[in-house]
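Biologist: I would like to learn how to read a protein model step by step. Could we take one feature at a time, with the general idea before the case?

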Amino acid sequence: MDSPFKSVPVKSSEITPKHVYLSRRDFIKAAGVIAGSMALAACLPSQEGAPDAVETETVSSPVPPAAENTDELGDPVNSFEDITNYNNYYEFTTDKQGVARLATDFKTSPWDVEVSGLVKNPGKFGVEDLIKKYQPEERIYRLRCVEAWSMVIPWVGFPLSKLLNEVEPTSDAKYVSFATILKPDEMPGQKEPWYPWPYREGLRLDEAMHDLTLLATGLYGGELPPQSGGGIRLVVPWKYGFKSIKAIVKIELTAEEPFALWKAIQPSEYGFYANVNPNVDHPRWSQATERRIGEISRRPTLMFNGYAEQVAGLYEGMDLRVNY
């Protein structure tokens, strides 16, 4: 049976020009650096509770600045500077333009991830070892923030399913829980008492095993900047960005729905599923449209962020207004 939803592919013109992207990748290869994944910091709800205006400061970038390019509809591309200087990352600060500065000295290598819980082969894995084993691939995904802004990002990473298959979930495993590193001395936002640190999120096991679900380890063919979630982060492109947890150090397979930070704080506003749905508004703003970073006008929000043909079957029979 055909899905009532249709996927919308990312136009090649919606991302930073290819020659800029490839020049960065070639530079990294020439320097002998492993090309990992690329990442944008996962979106978290605004502290003020409303979609944010976009003001971008510039930090030093190894990527040549993108030329002024637009797609055939006149839509501007996202630049490396946009992606790495506009970040929701409350572990550092609630100021989107302040994250990159505060994260400058945050060490993302070496980095280990512990996998435990309802698995046959628990263990601790070094990110460099995972990169060598799983050979990260380039994937261009849209990212839609719950705050009604978005970006198009060329990630590099590997499907989470590869790691999960290696540890072998048991028949009792139904969910996957993720936890961010806890380092309040290096992440000043973690000293704030009103958030239950460390940041934790979760997926249903079938969501986690879906091929679109990515563990990202770099950006623009290079390393994953600390402000973007390095050393390793989750990317779930059909969900609002706060589900794509950053700086992961623990993954646990569970039988029960795991703790999710924003659901715990404001369950009426941030549900466990957090699927992009233009038909279900946030209690304080509409989700029917979004603003691409770098643009002034708004564009329609796509069901499941445009990945409906791939993922709508995961939610067959579910009321998406109840399971928001």
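Biologist: What does the accessible surface of the protein chain come to, and what percentage of it belongs to carbon and sulfur atoms?

Modeller: Before the answer, please note that this is a predicted model, in which local features need pLDDT of at least 70 and side-chain atom pairs count only at pLDDT 80 or more, while totals for chains, interfaces and linings use all residues. Residues are numbered from 1 along each chain as its sequence is written, and side-chain values use heavy atoms, with hydrogens and water left out. Accessible areas come from the Shrake-Rupley method with a 1.4 Å probe, and for residues only the protein chains shown count as cover. Here the accessible surface of the protein chain is about 13700 Å², and 51% of it belongs to carbon and sulfur atoms.

Biologist: How many helices and strands does the chain have, and what percentage of its residues is buried?

Modeller: Helices (H or I, at least four residues) and strands (E, at least two) are DSSP runs, numbered from the N terminus, and this protein chain has eight helices and twelve strands. A residue is called buried under 20% relative accessible area, exposed over 50%, and partly exposed in between (1.4 Å probe, protein chains only). Of the 324 residues in the protein chain, 56% are buried.

Biologist: What percentage of the contacts with a separation of 6 or more comes from residues 24 or more positions apart?

Modeller: Contact means heavy atoms within 4.5 Å, and among the contacts in the protein chain with a separation of 6 or more, 75% are between residues 24 or more positions apart. Alanine 148 belongs to the loop between β3 (137-144) and β4, and its relative accessibility of 3% makes it buried.

Biologist: How many aromatic pairs does the structure hold?

Modeller: Rings of Phe, Tyr and Trp (its six-membered ring) pair if their centres lie within 6.5 Å, and planes under 30 degrees apart count as stacked, over 60 as edge-to-face and the rest as tilted. The structure holds 16 aromatic pairs. One of them joins tyrosine 134 and phenylalanine 158 in a tilted arrangement, 5.0 Å centre to centre with 45° between the planes. Tyrosine 134 is in helix α4 (residues 127-134) and phenylalanine 158 is in strand β4 (residues 149-159), so this pair ties together parts that lie 24 residues apart in sequence. Tyrosine 134 is buried at 9% relative accessibility, and phenylalanine 158 is buried at 1%.

An edge-to-face pair is formed by phenylalanine 242 and tyrosine 270, with 5.6 Å centre to centre and 80° between the planes. Phenylalanine 242 and tyrosine 270 also belong to one aromatic cluster with Tyr90, Tyr195, Trp197 and Trp262.

Biologist: Which ring does the charged end of arginine 200 sit over?

Modeller: A charge sits over a ring if NZ of Lys or CZ of Arg is within 6 Å of the ring centre and within 35 degrees of the ring normal. The charged end of arginine 200 sits over the ring of phenylalanine 259, 4.0 Å from its centre, and that of lysine 246 sits over the ring of tyrosine 89, 4.4 Å from its centre.

Biologist: How many salt bridges does the structure hold?

Modeller: Side chains of opposite charge can pair when their charged atoms come close. A salt bridge is a side-chain nitrogen of Lys or Arg within 4 Å of a carboxyl oxygen of Asp or Glu, and the structure holds 14 salt bridges. Among them, glutamate 207 pairs with lysine 239, with the closest N and O atoms 2.8 Å apart. Glutamate 207 lies in helix α6 (residues 205-209) and lysine 239 in the loop between β9 and β10, so parts 32 residues apart in sequence are tied together. Both glutamate 207 and lysine 239 are buried.

Biologist: Which side chain of opposite charge is nearest to glutamate 91?

Modeller: Lys and Arg count as positive and Asp and Glu as negative, while His and the chain ends are not counted. Glutamate 91 is buried yet has no salt bridge, and the nearest side chain of opposite charge is lysine 246, 4.9 Å away. Glutamate 91 lies in the loop between α2 (80-85) and α3 (99-102). Leaving aside its neighbours within four places in sequence, glutamate 91 has contacts that include Thr180, Trp197 and Tyr199.
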